[in-house]
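Thanks for taking a look at this one with me. A few notes on strands and charged pairs follow.

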Amino acid sequence: MSWGTELWDQFDNLEKHTQWGIDVLEKYIKFVKERTEIELSYAKQLRNLSKKYQPKKNSKEEEEYRYTSTRAFLATLNEMNDYAGQHEVISENMTSLITGELTRYVQELKQERKSHFHDGRKAQQHIETCWKQLEASKRRFERDCKEADRAQQYFEKMDADINVTKADVEKARQQAQLRHQMAEDSKAEYSSTLQKFNSEQHDHYYTHIPNIFQKIQEMEERRIVRIGESMKTFAEVDRQVIPIIGKCLDEITKAAESIDHKNDSQLVIEAFKSGFEPPGDIDFEDFTQPMKRTVSESSLSNSRGDGKSEPKFGGKSKGKLWPFIKKNKGAGPEDFSNLPPEQRRKKLQQKVDELNKDIQKEMDQRDALTKMKDVYVKNPQMGDAASVDHRLAELGQNIEKLRLEVQKFEGWLAEVEGRLPMRTEQARRQSGLYEAQNTSAVNSCAQDRESSPDGSYTEEQSQETEMKVPATDFDDEFDDEEPLPTIGTCKALYTFEGQNEGTISVAEGEMLYVIEEDKGDGWTRIRRNEDEEGYVPTSYVEVYLDKNAKDVYKSLQKISE
């Protein structure tokens, strides 16, 4: 089965067919290219989807991922990211192994096809030229034969006419002989040309064209095999990532199976447990007897025999309500005393851990700088050892500040855990009640109101039973607070608009007094006059501390701690 023998006369159709084959190949390349674009787009959308639902750093969402269900969801998001990566691999492999290779092959195929059909046209043009030469020789032989016949007839006519001179007859005879000779020569030429044409035609149809068509057939068959191999590669590229995709899906399944509802329930307890005991029963208050109403023994604000005055809230105890009172949304105190005991303990422990990490980081930097200084001392050409002294001093100060902070928070933590009896349980509960009552709208609830015997509400009675807050040792700390001493001065480098509570506005170039150093939170406490003081960002001022005043200030701090 050869195109050279079976399709020897189908040159034009073969040319059209091979062009169609190249068009099919280019169409397949376009198909694969669009598939790679779809894979890339799909991978991009999957990555964006995974990124969209990832928890934001340092946000409340990040805290929620301690639950097994949310951790499983996070694992799903990460696996979907890997899943998207496999679709990118599909796109890359199809681009390199199929579209890239086939695009180069198509260019080579077009050049090869052009060469083969150029040779075919050249062979056709040659045989057509030989055919034209044969036709010309044949026509010339035919013409010469006719001319010879006419010359012979003219001679015979002249020879039979008695009126014609002998010279004319001889001339006609010579002319006839000449024509006969020309006819013979044309015959010989025609015969030679015919033999040559037949030889060329035989070679054309049995050698040249079959060889050219065989090359075209082989070219076409290679194209068919190549497109088949590309289709196999198309499937193989997908098949190669199936195990990895399956692994991603297995990890998602594993994450789903790792969800522990009991563990999540326990985490809810740890997150929100207050540490308080539920309120006890409320004693019956008999309004029919003309007796002084007292606070219920079971209320949270009841004094346990410590000799201190009892808080009175219109003759009714509201201590039982304070764990459910809405907390103030503003920034809480530094010791987290606004939180329930269990939550406060967790916050303090978290703060201690953070400070210890900061101390370790500062110590690592100090150790590295110390080693660098030793190198500079031994090899002065490498650097000046004195250049790191300032930074070492700063790190030492930072470490000392952080250690003082750790001691402070560990003291509060010990208080919460019962290691330091700084305040009695009753005092803490009274302090909590005082804060809760002052930061909520519960004061206006109906329990504060008194009713007359006929059931009507009287404003006078409500005013007479105005809340009296107990004075505790915690509150005494703020009764007669002495103003902080001046420990230095500072110059404002920039204008600062102090719009938040506790801050103070300063103008660029303004000179003020420093009354409290930056404790590592980025704020310095300053005073303009006796009535104006507050905090400004440390980076906004240049501080000039008085050494003696600073030593006194630190001594006072230690005494107060």
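**Notes on the model**

1. In the hairpin of β2 and β3, six residues lie between the strands, and Gly520 there takes a positive phi near 100°. Strands here are DSSP E runs of at least two residues, and helices are H or I runs of at least four, numbered from the N terminus. This is a predicted model, in which local features need pLDDT of at least 70 and side-chain atom pairs count only at pLDDT 80 or more, while totals for chains, interfaces and linings use all residues. Residues are numbered from 1 along each chain as its sequence is written, and side-chain values use heavy atoms, leaving out hydrogens and water.

2. Strand β2 (residues 511–516) runs antiparallel to β3, joined by three bridges (strands pair if DSSP finds at least two bridges between them). Glu516 has Arg525 as its bridge partner in β3. On to the next strand: five bridges join β3 to the antiparallel β4 (residues 533–537), and the hairpin connecting β3 to β4 has five residues.

3. Four of the five residues of β3 (residues 523–527) are buried, so this strand is largely enclosed by the rest of the structure (buried means under 20% relative accessible area, exposed over 50%, partly exposed in between, with a 1.4 Å probe and protein chains only).

4. Arg527 stands opposite Glu533 in β4, and their side chains meet in a salt bridge at 3.2 Å, N to O (a Lys or Arg side-chain nitrogen within 4 Å of an Asp or Glu carboxyl oxygen). Salt bridges with shared partners join Glu516, Lys519, Arg525, Arg527 and Glu533 into one network.
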